[in-house]
Amino acid sequence: MDDRSTTVRELMDLVLRFSRERDWEQFHHPKDLGICLAIEVGEVLEHFRFRTDAAIRGDLEDPDRRRAMAHEMADCLWALLRLADVCGIDLAGALEEKIALAAEKYPVEQSSGRADKYTAYVRSGEEDETGEESSEKN
């Protein structure tokens, strides 16, 4: 399998099949899978904590350390795939919708090269998505 030729559904089916073979579906409730995902993300972050960007780049050049990071990221993907499947979420569709919403919040002409939150682009007197008036100015 590789990213270029494998669909999200194929990945969901892979982890579902693995889980069914072990009778683990009984443990795969949204709350538990959400907690699992949060824990696994924390394990990914352990590879970056107190590390410089240069040190992390060095780790990525070391095959064993790169593999360890990849395995932690795969654990996150596994948990996310199971969570989405259990909740009936179409991840590809949800991502496409989220990108469209983000494009509205972060217009290229205002956000290019900036790391500000979208609320920095809301002009004074306009409402943000919460319906609250912004006091920030562009």
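In the predicted model, the cover over the buried residues of helix H4 includes helix H1 (8–21), helix H2 (30–45), helix H3 (53–61) and helix H5 (91–105). The residues of H4 that are buried are Met-69, Glu-72, Cys-76, Ala-79, Leu-81, Arg-82, Leu-83 and Ala-84. An α-helix has 3.6 residues a turn, so residues three or four places apart point the same way.

At the start of the helix, a side-chain oxygen of Asp-62 comes to within 3.1 Å of the backbone nitrogen of Asp-64. After H4 comes Gly-88, with a positive phi near 70°.

Val-86 belongs to H4, which comprises residues 63–87. Leaving aside residues up to four places away in sequence, Val-86 touches His-28, Pro-30 and Leu-33. The C-alpha atoms of Val-86 and Leu-16 are 9.6 Å apart, although 70 residues separate the two in sequence.

The protein chain as a whole contains six helices and zero strands, in the order α-α-α-α-α-α from the N terminus. Of its 138 residues, 22% are buried. The chain exposes about 10,400 Å², of which carbon and sulfur atoms supply 54%. Among contacts between residues at least 6 apart in sequence, 44% join residues at least 24 apart.

Methods
Residues numbered from 1 in each chain as written. Predicted model: local features only at pLDDT ≥ 70, side-chain atom pairs only at ≥ 80, totals over all residues. Heavy atoms only, no water. Helix = DSSP H or I, 4+ residues; strand = E, 2+ residues; numbered from the N terminus. Buried < 20%, exposed > 50% of the residue type's maximum accessible area, 1.4 Å probe, protein only. Contact = heavy atoms within 4.5 Å. Areas by Shrake-Rupley, 256 points an atom, 1.4 Å probe, with all protein chains shown as cover. Polar contact = N/O pair within 3.5 Å; in protein donor to acceptor, adjacent residues only side chain to side chain.
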